[in-house]
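User: Can you walk me through this one? I'd like to go piece by piece.

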Amino acid sequence: MRTLSIHANNAIIHLRDHCIYVSKWKHPYDSGWEHPVPMISRTMFSQDRHTPIADLEYLILQGSNLSIQHDLISAFSKQHGIILHLDRRYRPVAQSSPEPRVTDQNLFFAQHTMSDAKQKNLWKQLLRSKTLGQVNVLQSLNISPPKTFHLHISRRRETPPEGALAAQYWHLYFDRLQASNLSRDPASDDPINVALNYGYGVIQAAVHREAIIHGLNPLFGIRHVARAGSHAFVYDLMEPLRHWAEYAVAHNYQKDGVLEMREFRVKFLEFMETKLGPNGNSRTRFDWVRQHILAVCKGIKSGTPLRE
């Protein structure tokens with residue numbers, strides 16, 4: 001298990017004997033604390049009430065009056081772990097991550113000295129891959145993608161018009177889920193948008209971790225605007241992977257006609273951990289994130305296009 005998703009109120013997350021524990025307290029503002037009692041929840045821990053920290057790469061937190069011990073943050077950062085903090089709508093609002101580092105001098109200078117033409121080429125490849133992912137989602141829902149999608153995928157020299165394609169895509173997506181009154185809105189409380197927020201958050205954490213491990217600067221965006229609290233390059237890099245969340249949400253919602261977040265959180269992490277491909281070369285989606293980042297690193301250093 002690479003990912004631990006913790007959703008609790010009035011609790012403290014702490015490290016003991018190299019394991020992560022969740023303990024409840026009476027109230028964070030009481031003068032005296034209760035004796036911590038390990039919280040038992042199958043939605044947080046797949047089998048046990050504690051999880052070895054060495055097994056984890058991602059820690060996802062959501063809840064009110066939820067505290068995390070400094071020793072845990074420090075130990076998790078040393079093994080390049082990402083802690084993602086979600087708000088009540090499951091939108092990523094902050095993250096605790098290791099400091100960016102230089103692992104490859106050539107990559108470091110190549111990223112920070114990319115010409116405008118090279119940045120445009122990289123962004124074009126990312127958007128084409130994103131459009132291809134959207135086509136796959138629509139086809140999995142038995143929807144024939146508009147011809148414009150295939151047209152822009154085939155035009156390798158042109159950058160797909162992201163806004164126009166997104167408008168068509170979301171209209172078809174929500175209409176098939178019989179939610180045509182909705183649109184993609186991260187601030188919405190409806191279950192589809194909330195589940196998409198969560199899925200994107202998990203993918204964002206995975207991309208951020210791999211970017212840091214392989215020496216990319218997560219702040220140096222090529223299209224997303226760098227601003228306070230924002231890791232622009234992470235948002236750029238995750239564009240071709242967003243369709244995983246959209247696929248998982250659509251098929252879970254379409255199957256039951258309802259999305260219960262407690263159940264979806266578990267299903268989505270299982271979805272990300274599922275191995276794909278022949279047995280001899282099977283990889284999870286987390287593994288494919290790593291392959292994606294490696295391809296980007298190679299492209300930045302050499303200028304060659306990304307594989308789709």
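Analyst: Below we go through some strands, a helix and a loop residue. Keep in mind that this is a predicted model.

User: Which residues sit on each side of strand 1?

Analyst: Thr3, Ser5 and His7 are on one side, and Leu4 and Ile6 are on the other. Both faces are covered.

User: Does strand 1 run parallel or antiparallel to strand 6?

Analyst: Parallel, with 5 bridges joining strand 1 to strand 6, residues 58–62. Within that pairing, Ser5 stands opposite Ile60.

User: Moving on. How many residues of strand 3 are buried?

Analyst: 5 of 6, so to speak mostly covered; the strand spans residues 19–24.

User: And what does strand 3 form with strand 2?

Analyst: A hairpin, with 2 residues between the strands. Strand 2 is residues 11–16, and the two pair in the antiparallel sense over 6 bridges. Ile13 stands opposite Val22 of strand 3. In the turn, Asp17 has a positive phi of about 55°.

User: How many bridges join strand 3 to strand 5?

Analyst: 3 bridges, and that pair also runs antiparallel. Strand 5 is residues 50–52. Tyr21 has His50 as its bridge partner there.

User: Switching to helix 5. How far does it reach?

Analyst: Helix 5 has 15 residues, 162–176, and reaches 21 Å from its first C-alpha to its last. That is close to the 21 Å expected at 1.5 Å a residue.

User: Which residues of helix 5 are buried?

Analyst: Leu165, Ala166, Tyr169, Trp170, Tyr173 and Phe174. They cover an arc of only 145° around the axis, which puts them on the same side of helix 5.

User: Which ones are exposed on the other side?

Analyst: Ala167 and His171 are exposed there. Just after the helix, Gln178 takes a positive phi of about 55°.

User: Last one, Asp87. Where is it?

Analyst: Asp87 lies in the loop between strand 8 (82–86) and strand 9 (92–96).

User: Buried or exposed?

Analyst: Asp87 counts as buried, because its relative accessibility is 17% and the cut-off is under 20%.

User: What does its side chain reach?

Analyst: The Asp87 side chain reaches the backbone nitrogen of Arg91 at 2.9 Å. Leaving aside neighbours within four places in sequence, Asp87 is in contact with Gln62 and Val93.

Methods. Residues numbered from 1 in each chain as written. Predicted model: local features only at pLDDT ≥ 70, side-chain atom pairs only at ≥ 80, totals over all residues. Heavy atoms only, no water. Helix = DSSP H or I, 4+ residues; strand = E, 2+ residues; numbered from the N terminus. Buried < 20%, exposed > 50% of the residue type's maximum accessible area, 1.4 Å probe, protein only. Polar contact = N/O pair within 3.5 Å; in protein donor to acceptor, adjacent residues only side chain to side chain. Contact = heavy atoms within 4.5 Å. Expected span 1.5 Å × (residues − 1). Arc of directions from axis to C-beta. Pairing = 2+ DSSP bridges.
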